[in-house]
Amino acid sequence: MNKKLTLKTSVFLWTDDNHGFLYDSSSHEFYKFLLSKSIAELCHNLLVPENLYSVFAGEYTGDIEVGKFIEEVLRRGFGILQDEDDFQYMVSFPPMLNLLHSWERIKKKKESLNTTVLHYFTSLTVYTGGVCPDNGYCEQTIYPVCSVCILSAENIIGFLSRVDSPYLSEINIVFSSIGDYPDIHRLFDWLGTRRKKITIYVRAEDAGNSDVVEEVIKNGFNAVLLHAGLVLTDSRIMKLSLRHVFLVTSDDNCKNAEDICKQDGITDFVCVPVFNGNNYEFFNDCVFLNEEEILRTRLSRHEIFTHQVININYFGRLFLFPDGNVFAGPGKCPVGNIHDTVYSLIISEMDKNTAWRKTRDMLARCKTCIYRYLCPSPSSYEEVMGIDCICTDKIKRKEVAMVPPESILSGIAIMHCRQ
Ligand code: SF4
């Protein structure tokens, strides 16, 4: 009897020109294999939707490579061999995204458009502007913007009043120089009505000269102290109840930060890698991933679908800059400005896709790679460093050229030091 090979619905099958890759999102088992002509044909047939993730195994009788491949698929539990008249015949489907929710369809439903898109916007970061080091870190993670223009308390309050919604769960205010910020009490009074979702970011050097950080905490805001370059900070500040973010450029930097925290009894801290123009090696060794590390990412079915459609670093986030422009991430063009409505900002980003839906499918190097849905979404590091992927096996360091950091940036990537 001609049995059918049927893959389970939890199993993803991806191919490139030379390899195939099976990944079971339930067991996290994977299998990378070479594509012979007949295995490639079998994989192609499995992926034809009408075939319900099945092929007749008998069609490949006598093909030793296919025989071994099927044996391996069964041994690893990716699928079963079954007769069509089996009592418990398993019907399966290749895991596919529900395209009913695609942006093009949502946009057509004009009457519900505004309500739908408001859900998308969950995080706002406001950069006050002012004097601070101009090191380009603001293009890689949350770090103050050095600028002549400063957003007044009145402008920030006006914007926040218009864009706030029940879905906006995080508002970050990043001060370039908190001690010099005019009208801070007026701003704090207003933010106090929403204190649970407010996080105030202050540079460690700046905090050392100011009592404002204590006031931030007294007001019940979340506070983050940003340490760039491990500047020693007033011990009074280090003892306050806040989160410490260390922007690190090397593994040693990260270890030092850990030592400082251990010494001061600080438990709420993270190290965030930053690119300083020279530390490619640090990124290759400690931040970027090799094939083995990519294969260790145990993604669920839902997470894989997410990687297929959105950029998890940026989706839902907007950034208000000191000049009044609003960005959605590391795109080169703003999606609007401080005078726009929240709806027009979100719709503008959904139309232009400067960041929120930038997936690895859109990168020349990644779009045909079998790991593109397992890899993290494209990050600001790749833009700032001028590289086109984050897998260390594929980066030829000599070919990497630094690009001017023109793009606007993204979220926080958290790293852990290698022991
Ligand atoms: S970064 Fe791109 S090329 Fe490298 S493994 Fe991931 S998807 Fe493939």
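What percentage of the 419 residues of the protein count as buried? The share that counts as buried is 37%. The model is a predicted one. The protein contains 15 helices and 15 strands, and its C-alpha trace spans about 80 × 55 × 40 Å along the principal axes. Among contacts with a separation of 6 or more, 68% are between residues 24 or more positions apart.

**Domains and their contact**

- The domain assignment divides the protein into domain 1, residues 4–82, and domain 2, residues 112–399.
- Between the C-alpha centres of domain 1 and domain 2 there are 41 Å.
- Domain 1 puts 10 residues into the contact, and domain 2 puts in 9 residues.
- On the side of domain 1 that touches domain 2, at least two residues each come from strand 2 (11–15) and strand 3 (19–24).
- Strand 2 gives the most to that side of domain 1, with 3 residues.
- By class, the side of domain 1 that touches domain 2 has 4 nonpolar, 5 polar and 1 charged residues.

- Strand 2 and strand 3 run antiparallel and are joined by 5 bridges.
- The hairpin from strand 2 to strand 3 passes through 3 residues.
- Phe 12 has Tyr 23 of strand 3 as its bridge partner, and Tyr 23 also stands opposite Phe 30 in strand 4.
- Strand 4 covers residues 30–34 and pairs with strand 3 over 5 bridges, in the antiparallel sense.
- A second hairpin, with 5 residues between the strands, is formed by strand 3 and strand 4.

- Strand 9 (residues 198–203) and strand 10 (residues 222–228) run parallel, joined by 5 bridges.
- Val 202 has its bridge partner in strand 10, namely Leu 225.
- Pairing of strands in a sheet goes through backbone hydrogen bonds, either parallel or antiparallel.

**Nonpolar cores**

- The largest nonpolar core has 83 residues.
- Within this core, the residues with the most contacts are Tyr 201, Val 202, Ala 223, Leu 226, Leu 247 and Leu 320.
- Beyond its neighbours within four places in sequence, Leu 247 is in contact with Tyr 137, Thr 141, Tyr 143, Leu 226, His 227, Ala 228, Val 272 and Val 274.
- In soluble globular proteins, nonpolar side chains tend to be buried together.

**Two residues with positive phi**

- His 28 is found in the loop between strand 3 and strand 4.
- Phi of His 28 is near 65 degrees, which is positive although the residue is not glycine.
- His 28 counts as partly exposed because 13 other C-beta atoms lie within 10 Å.
- Tyr 53 sits in the loop between helix 1 (37–46) and strand 5 (54–56).
- Phi of Tyr 53 is also positive, near 60 degrees, in a residue other than glycine.
- Tyr 53 has 24 C-beta neighbours inside 10 Å and therefore counts as buried.

**Ligand surroundings**

- There are 12 residues around the ligand, and those that come nearest are Cys 366, Cys 369, Cys 375, Cys 389 and Cys 391.
- The shell around the ligand consists of 8 nonpolar and 4 charged residues, with no polar residues.

**Leu 363**

- Leu 363 lies in the loop between helix 14 (342–352) and helix 15 (380–385).
- Because Leu 363 has 16 C-beta neighbours inside 10 Å, this residue counts as partly exposed.
- Apart from its neighbours within four places in sequence, Leu 363 is in contact with Pro 378 and Asp 388.
- The C-alpha atoms of Leu 363 and Gly 158 are separated by 38 Å, with the two residues 205 residues apart along the chain.

Notes. Residues are numbered from 1 along each chain as its sequence is written. This is a predicted model: local features need pLDDT of at least 70, side-chain atom pairs count only at pLDDT 80 or more; totals for chains, interfaces and linings use all residues. Domain bounds come from an automatic or database domain assignment. Two residues are in contact if their C-beta atoms, placed from the backbone, lie within 7 Å. Helices (H or I, at least four residues) and strands (E, at least two) are DSSP runs, numbered from the N terminus. Ala, Val, Leu, Ile, Met, Phe, Trp, Tyr, Cys and Pro count as nonpolar, Asp, Glu, Lys and Arg as charged, and the others, Gly among them, as polar. A residue is buried if 20 or more other C-beta atoms lie within 10 Å of its own, exposed if 12 or fewer, and partly exposed in between; C-beta atoms are placed from the backbone. A nonpolar core is a set of buried Ala, Val, Leu, Ile, Met, Phe, Trp, Tyr and Cys residues joined through C-beta atoms within 7 Å. A residue is near a molecule or strand if its C-beta atom, placed from the backbone, lies within 6 Å of it. Two strands pair if DSSP finds at least two bridges between them.
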